[in-house]
Amino acid sequence: MASQWLKARQTKYAAYATTYTLLVIAVVVVANMLADRYHKSYDATSNKRYSLSDQTAKIVKGLKQDATISYFDQSTRFREGRDLLDQYANLSRKLRVEYVDPDKNPQRAREAGIRSFGTAVVQIGVKREEAKSMTEEGITGAFIRDLKSNTRTVCFVTGSGERQVDDRDREGLSGFKDLLAKDNYASKTINLLEKAEVPGDCTTVVVAGPTRNYEQPEVDAVKKYVEDGGRALLMLDPPLKLGRSQIADNDGLANLLQTWGVSLRKDLILDLNPVGQLAGLGPQVALVTSYSSQPIVNEMKGTATGFPLARSMEIKNADKTSVQKLFDSSSSSLATDNLSSASVDVNDPKNKQGPLTIAAAGTYNPGKGNSQGRFVVVGSSSWAANRFINFNGNNDLALNALNWLASDEDLISIRPKQPEDRHLTMTRAQLNLVRLSSQFILPLVVVGAGVGVWWKRR
């Protein structure tokens, strides 16, 4: 009787064990199936350096046809590209990643024009582009070149003291030009004084901080270009009258913008926001952290931008234009019309209190055909100069504005960030304190705790 009971109990436990084992196997199988289909990870780095950017996700998820990334390297080194390329493959089922060893398949390498190991080629349809580097920036750039096969040229106006696109000094725009190249835009300069007409190959015209007045033929050329369906970015600084670097009022351009619904004020914005001071910015830099709902800035929530020596503006819809505010200065800002003195009284009752509009975007509808003109006006040009273009989200804003003007809304996003150089700097006293605590204090604490435990148990 006891043996039968024991046998029944053993049979019962065996059934439980079998059920439990099958359940565990089922859970593991399902978990592996889900893991194979859904790839999730968490990037704890401050600038998300191990995650693909919003721009990359937007481009790859928006693919309308099948695409392939071919990675050419030795078989033993495939892992060097796999971590990055697998992230791309996980974004869309229309994207396939293949790994090719040129030593084992030299014909494929010759067809692709591969000259060195560690090279990726992106193919969409019949269009094929080689990545300039094995980084997210390089690979996403190849996607953009595949998708944007037509030539798009940004024309920078010169001749009236504007910032120069080839100038690599602090006040130049060479950094802006380099950013445009990453989105596959060509850049060139035009002089409206020599010929008061915008060339037909200009996708967008940029007027970047002229220090001298535009003559009426120049103003008329910009007017005709936009009202005939062209696109323009106008960055106009406050007319400061300090020392030798005086900036003209440029009433001709200001009057044109007023007819489009943008009234530029002759003032200077000072930002007293303590957050800006913590970021190392002086009051002459307007810090922006909130944005309106417009395609240029929709993706910039949670991103800061800075605008040195900015002026304010008022906007309204005009007869044939529709104008939207892009962003304001902070509520801690003010605007002074004292533009001829380096000292400003922040308590002057004549000062305008923030928030104050710094930038606006508008469309011009002539009422015939589909030739809709577009324009973006920013009350500062310093924010796009080499010394400030890499401040937080300034480069994203610059490219987003050009994308919107060129009707490349699919490129508007937050771009890949460069790896941060983060290091700890300590004074000699701080270094001595760290050495003292790590070499002597902490070991003595551990030894003391051990002796205390031994003494208590003795």
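Among contacts (heavy atoms within 4.5 Å) between residues at least 6 apart in sequence, 71% join residues at least 24 apart. This is a predicted model, with local features needing pLDDT of at least 70 and side-chain atom pairs counting only at pLDDT 80 or more, while totals for chains, interfaces and linings use all residues. Numbering runs from 1 along each chain as its sequence is written, and side-chain values use heavy atoms, leaving out hydrogens and water.

The protein has 11 helices and 18 strands, taken as DSSP runs (H or I, at least four residues, for helices; E, at least two, for strands) and numbered from the N terminus. Of its 458 residues, 44% are buried, meaning under 20% relative accessible area with a 1.4 Å probe, protein chains only.

Now for one helix pair. The axes of H2 and H5, lines fitted to C-alpha atoms over the stretch in contact, come within 11 Å and cross at roughly 40°.

| Helix | Residues in the contact |
|---|---|
| H2 (residues 54-61) | Gln 55, Thr 56, Ile 59, Val 60 |
| H5 (residues 136-147) | Glu 136, Thr 140, Phe 143, Ile 144, Leu 147 |

By class, that's 5 nonpolar, 3 polar and 1 charged residues.

As for H5 itself, 10 of its 12 residues are buried, including Glu 136, Thr 140, Phe 143 and Ile 144.

Conventions:
Axes are lines fitted to C-alpha atoms, for helices over the stretch in contact, and angles run from 0 to 180 degrees between N-to-C directions. Ala, Val, Leu, Ile, Met, Phe, Trp, Tyr, Cys and Pro count as nonpolar, Asp, Glu, Lys and Arg as charged, and the others, Gly among them, as polar. Buried means under 20% relative accessible area, exposed over 50%, partly exposed in between (1.4 Å probe, protein chains only).
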